[in-house]
Amino acid sequence: MKNENNFTLIITDYKSIEDTMSFISRFERSTDFCRVNFLIVDNSSENLCIRYLLNNNIKINRLQNIDEKVYCFHIHGLDIYLADAESNGGYSKGNNLGAKVASMIFPQTQYFIFSNNDLYFKNRLDLDEIEFLFNSDKNIGIIGPNIVSPDGKRQSPRKNQSFFLQLFVREWNLYLLRSKLFNLITDVDIKINYGYCDWVSGCFMLVRKDAFYSCGGFDENIFLYCEEMILSDKFREKGYQTYFTSKFRLVHQHKGGTSMNGLNENFKSRIYYFYHYRQVSRFTCNLAKLNRRIVKSMYKIMKNHFIH
């Protein structure tokens, strides 16, 4: 028998509530939305989601008898809930708050759907089939669909790589070789069409709730990047696997650029991951940091040389 409303869609929003509302409309058209609870986490400190709703004359009600600031509003036939994080503690912290709130107000939830708001569905997401996969294999803790870039290149599933490849060769390729080695060192595993994998893109993941809590959820020491790698590792420690299926396809229309701050945060997260989860020594991590400083200095010299 179909278990109604046992999926909860959690979208951690940072100053992009209009995009989030548009995504919810796309999600509604692309799946059996009657089986889904909707929860937005406002990860800003300016109450931007509340202000957006009020500016559009959408009535909001605050839930009582709950520790967190949670509101409910009704739009286009949907009841949507909003949790106010009050500050930007990062993607992991926002998602953990969403999972906590969802468990309190939707106790029937069995599966979390953690999603970005910059995705477009190329075919229908069949939640019955997703639930069948979870039920037919109790070892599955995470399911990831086929995420592709706007030009059709796969972004999932991913494979674990060595520290040397991730923290040394990647930096040389990025700064000195102008990404000429990208196809040789990519961590996208194009050989898998369905089955177990190391990890999947975190922009859209379906997660077994019980498994999520058994491993402690997302690691909040990570502000951004590597969250899905860490989560999959934590799941494996508890006996759960990450599963990829190419049947359901979504386009990731990533709007953010590759800023220097983003590159720095990515490197910081990878160092944290390898030190805490892959048991790489502090000395080796410091070598990688030194290598990056040298590579970036060489990049600046080369850049100045070409300018002059």
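## Basis of the model

In this predicted model, local features need pLDDT of at least 70 and side-chain atom pairs count only at pLDDT 80 or more, while totals for chains, interfaces and linings use all residues. Residues are numbered from 1 along each chain as its sequence is written, and side-chain values use heavy atoms, without hydrogens and water.

## Second largest pocket

The second largest pocket has a volume of about 150 Å³. A pocket is an open set of points on a 1 Å grid over the protein atoms alone, with protein on both sides within 12 Å along at least five of seven lines; lining residues have an atom within 4 Å of a point. A volume is the space filled by probe spheres set on the points, which are joined across faces, edges and corners.

Among the lining residues are Asn43, Glu68, Lys93, Lys100 and Glu220. The lining comprises two nonpolar, six polar and four charged residues.

## Largest cavity

One cavity of 30 Å³ or more is counted; in a cavity a 1.4 Å probe fits but cannot get out. The largest cavity has a volume of about 50 Å³. Its lining includes Lys159, Asp187, Trp199, Tyr273 and Arg278, and divides into four nonpolar, three polar and three charged residues.

## Residue Leu290

Leu290 lies in helix 10 (residues 282-307), a helix being a DSSP run (H or I) of at least four residues, numbered from the N terminus. Leu290 counts as partly exposed because its relative accessibility is 39%, between the limits for buried (under 20%) and exposed (over 50%), with a 1.4 Å probe and protein chains only.

Note on methods
Nonpolar A, V, L, I, M, F, W, Y, C, P; charged D, E, K, R; others polar. Helix = DSSP H or I, 4+ residues; strand = E, 2+ residues; numbered from the N terminus.
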